[in-house]
Amino acid sequence: MTRRPFLIIRFLARICTVALLCALWGCAAKPVQPPSQDPSVTPEPDSAAQTAARVTELASEASVLMKSDKLKGAFDKYNQALLLNPPPPQAQRIIDKLDQVLAKAPADLIHAFLETPDLAVPEPLLHYWLGVNLAQQTDYQQALSVLTRFTDRWPDHPRGPDARELMEMIQQTQFKTDT
C-alpha cells in the first residue's frame, strides 16, 4: 500500500506539469494586441507645439484688435503671448507687432502698460516708445527725461542711437524757442 500513494502523487505531479506547460505555451502563442484605436483617446500633442499654436492664436487675436484700434486689448494679447515664452523667431515677430501698437498708442496708455502686472514685453521698448510719443505730443521736457533715462539704463539697446538723435532734435527745438 505504500506504493499506491506514491504513484498517485507522481500522477498528479505529471498532470500539473502538463497543465502548466499547456498554459505557458498558450500564452506564448497569443499575438500582442496594438494599442487601442479608440477615437475618444487621443495622445497629447507635445507642449512646444501647443505653446506655438497658442502664441499664434493670441497674436492673430491681437492683430484683429489692433486693426480696430483697440490698442489696450492688442497689447494685453501680445503680452500674454510673450508670457508663454515662445521660441525666438516667434517672439521677435510679436515684438515687431508690438512696435506698431506702441507707435499708435498715446503716452498715457504706454504709462498704463508699464504698470501691467506680469509684464513680459521688454521694458526698454516701452520706455523708448513713451519718449517718442511724448515728443510727438510736444511734451518735450518729459520726452527728454524719459529718453535720457532710456539711454542711461540701456545704452547698448538697438534703439539707443534713434533715442539719442531724437534727444538732440528736442534740445535743438528747445534752444530755438528759448532764443
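Student: How many aromatic pairs does the structure hold?

Tutor: Keep in mind that this is a predicted model. One of its aromatic pairs joins Tyr128 and Phe150, with 5.7 Å from centre to centre and 50° between the planes, a tilted arrangement. Counting such pairs over the structure gives four.

Student: Why does Phe150 count as buried?

Tutor: The cut-off for a buried residue is under 20% relative accessible area. Phe150 falls below that cut-off and therefore counts as buried, its relative accessibility being 0%.

Student: Which residues form one aromatic cluster?

Tutor: Phe150 also forms a tilted aromatic pair with Trp154, at 5.9 Å centre to centre and with 50° between the planes. Phe150 is paired with Tyr128 as well. The cluster is made up of Tyr128, Trp129, Phe150 and Trp154.

Student: Which element gives the most to the largest nonpolar core?

Tutor: This core has 40 residues, of which Phe75, Leu98, Leu102, Ile110 and Phe113 touch the most other members. The elements giving two or more residues to the core are α2, α3, α4, α5, α6, α7 and α8. With eight residues, the element that gives the most is α6.

Student: Which residues does Ile110 touch, not counting residues up to four places away in sequence?

Tutor: Ile110 is among the core residues that touch the most other members, and one of these, Leu102, is also on its own list of contacts. Leaving out residues up to four places away in sequence, Ile110 touches Leu102, Ala105, Leu126, Trp129, Leu130 and Asn133.

Student: How far apart are the end C-alpha atoms of helix α4, and what span should its residues have?

Tutor: Helix α4 runs over residues 88-104, and its buried residues include Ile94, Leu98 and Leu102. What covers the buried residues of α4 includes α2, α3, α5 and α6. At 1.5 Å a residue, the 17 residues of α4 should span 24 Å, which agrees with the distance between the end C-alpha atoms, 25 Å.

Key
Residues numbered from 1 in each chain as written. Predicted model: local features only at pLDDT ≥ 70, side-chain atom pairs only at ≥ 80, totals over all residues. Heavy atoms only, no water. Helix = DSSP H or I, 4+ residues; strand = E, 2+ residues; numbered from the N terminus. Expected span 1.5 Å × (residues − 1). Buried < 20%, exposed > 50% of the residue type's maximum accessible area, 1.4 Å probe, protein only. Contact = heavy atoms within 4.5 Å. Core = buried A, V, L, I, M, F, W, Y, C linked by side-chain atoms within 4.5 Å. Phe/Tyr/Trp six-rings, centres within 6.5 Å; stacked < 30°, edge-to-face > 60°.
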